[in-house]
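Me: Got a model I want to go through with you. Here it is.
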Amino acid sequence: MLKPETIEIIKSTVPVLEVHGKAITTRFYEKLFESHPELLNLFNHGNQKQGRQQTALANAVYAAAVHIDRLHEIMPAVKGIAHKHRSLGVTPEQYPIVGENLLGAISEVLGDAATPEILGAWEEAYSVIAAAFIGVETEMADEALHQPGSWAGFRKFTVRRKTAESGNITSFYLVPEDGGPLAAFEPGQYVTVQMSIPGREHLVNRQYSLSDRPGQPYYRISVKKEAGTDTRVEGVASTYLHEAVREGDTLLLSAPAGDFTLNRSVDTPVVLLSAGVGLTPLMSMLRTIRAEQPARSVAFIHSAADGRLHAMKDAVKDEGTASAAETCLRTHICYTQPTEEDKAAGAFHSEGRLTAEKLKEIMAESGEHADYYICGPVSFMRDMIGYLQESGVPAASVHYEFFGPSLNLQ
Ligand SMILES: Cc1cc2nc3c(=O)[nH]c(=O)nc-3n(C[C@H](O)[C@H](O)[C@H](O)COP(=O)(O)OP(=O)(O)OC[C@H]3O[C@@H](n4cnc5c(N)ncnc54)[C@H](O)[C@@H]3O)c2cc1C
Ligand code: HEM
């Protein structure tokens with residue numbers, strides 16, 4: 001337990017550290033990779049370039065520091081991060097390395113302002129925060145290993161089938177090379193795919209949501225090709241998966257993880273809201289609800305640019321016709337830029353961005369007590385969460401997943 005004086009120092013210095021946040025975290029990563037270049041195999045270099053990861057890690061340390069005397073209050077957030085760490089194979093031995101380099105960066109950036117007293121307090125606080133993470137991660141790893149079909153680290157999977165879902169999304173059906181059983185997972189969870197890409201010096205790790213329902217003899221991931229345009233750089237992993245990985249090839253996967261999961265123990269109405277490739281975890285939820293809780297009311301609201309980029313449209317339609325409980329499923333497809341062909345085919349319900357009015361109509365049909373699951377680009381999620389908040393939906397009923405380092409949108 002930390003002494004009250006130490007807690008006082010930590011709380012009073014967090015604002016100072018936040019002011020220098022970017023400088024500290026940038027220096028932290030430089031120092032981390034200089035002293036431990038093997039860690040370049042673990043981190044996502046794209047996230048580093050865009051600064052999102054710097055912000056995520058440092059903010060988490062500062063947020064934990066503010067709550068240092070009541071860490072239990074931020075345990076849900078700790079668990080979410082712990083899922084990501086576990087999926088990537090972060091080990092307890094790596095915590096002191098991160099701590100040492102973070103402390104070193106704080107000391108360098110603050111200069112004389114970083115007194116021995118302040119540095120000592122932060123060292124103590126970091127070890128308390130690290131212990132909380134290590135405790136949760138060890139517990140999760142133990143629990144996972146008791147589950148039939150689960151595994152530690154990365155397991156070899158064969159690409160059994162590779163199939164296009166739209167103009168830029170491709171599904172990969174993956175079966176374990178060892179022929180053993182597959183761990184169950186919760187709809188909404190993801191795996192980390194670890195790739196050794198020819199011409200790249202370091203391993204590439206990326207998360208992909210499982211896009212089919214649990215209980216199948218395979219795991220399915222569905223990947224959007226992040227195409228290079230004038231303003232965007234070609235995505236490393238997604239381009240490799242689309243262009244180089246073929247049926248019969250091997251991919252390395254960590255066991256399913258993640259806390260963006262469908263609550264299957266209740267039968268409250270569910271509204272699934274996605275844009276673009278954000279539909280993947282929600283497809284798993286939709287397929288699960290339709291198979292296991294066919295009488296549960298579910299609305300599938302999806303926004304795509306146009307018909308060519310609209311993935312899994314037939315699969316969603318099939319869910320509507322496959323069972324007698326058809327009326328429990330409502331779909332709303334919104335195209336932001338429909339083509340003349342889309343218009344002629346009547347392939348969508350509304351045109352343009354999904355508005356607050358549209359969402360309100362859907363909410364009225366789903367009743368007041370629905371649970372909302374949201375996934376898509378940050379701007380889409382921000383809009384949807386904003387609309388729901390304005391409509392008085394309790395924060396506890398709104399669940400969302402980022403396809404990158406998390407941000408706080410509520
Ligand atoms: C929990 C979770 C679940 C996910 N599920 C899915 C899923 O089901 N399907 C899916 O397709 N993806 C999913 N993702 C995203 C996925 O993990 C990858 O981030 C995605 O495939 C892009 O990786 P990449 O290596 O191709 O792109 P990266 O090389 O990592 O680049 C990412 C993006 O940043 C841009 N970029 C890169 N460098 C720069 C730069 N210097 N300046 C400006 N822009 C730059 C690229 O254009 C690209 O759009 C998920 C992510 C998370 C965290
Ligand atoms: C108490 C210490 C730590 C805190 C507070 C912390 C916090 C975070 C946060 C907030 C994220 C982003 C989660 C998200 O994607 O939403 C993250 C991701 C990550 N963390 Fe940590 N972390 C800590 C320790 C470590 C350690 C010891 C390692 C291993 C060296 C590590 C490696 C990673 C990696 C590889 C990612 C994914 C980043 C990416 O995609 O590039 N973290 N961490």
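Predicted model: local features only at pLDDT ≥ 70, side-chain atom pairs only at ≥ 80, totals over all residues.
Me: How far is an oxygen atom of ligand 1 from an N or O atom in the side chain of S238?
Reply: 2.6 Å. Residues are numbered from 1 along each chain as its sequence is written, chains are lettered from A and ligands numbered from 1 in the order in which they are written, and side-chain values use heavy atoms, with hydrogens and water left out.
Me: And how much of ligand 1 does the protein bury?
Reply: 86% of the 960 Å² that ligand 1 exposes when taken alone. Those areas are Shrake-Rupley values with a 1.4 Å probe.
Me: What about Q207 and E226? Backbone or side chain?
Reply: For Q207, a polar backbone atom is 2.6 Å from an oxygen atom of ligand 1. For E226, an N or O atom in the side chain is 3.1 Å from a ligand 1 oxygen.
Me: How many residues surround ligand 1?
Reply: 25, and the closest are Q207, Y208, R232, V233 and S238. Being near takes a heavy atom within 4 Å.
Me: Which element gives the most to that shell?
Reply: β4, with four residues. At least two residues each come from α3 (45–50), β4 (204–209), β5 (219–224) and α8 (236–243). Helices here are DSSP runs of H or I, at least four residues, and strands are runs of E, at least two.
Me: New topic. How do α6 and α7 pack?
Reply: Helix α6 (residues 94–110) and helix α7 (residues 116–145) pack at about 150 degrees, axes 10 Å apart. Axes are lines fitted to C-alpha atoms, and angles run from 0 to 180 degrees between N-to-C directions. So α6 is roughly antiparallel to α7, a label for angles over 145 degrees.
Me: At what angle does α5 pack with α7?
Reply: About 60 degrees for helix α5 (residues 75–88), with the axes 9 Å apart. The two are therefore oblique to each other. Oblique covers whatever is left after under 35 (roughly parallel), over 145 (roughly antiparallel) and 65 to 115 degrees (roughly perpendicular).

How values were computed
Polar contact = N/O pair within 3.5 Å; in protein donor to acceptor, adjacent residues only side chain to side chain.
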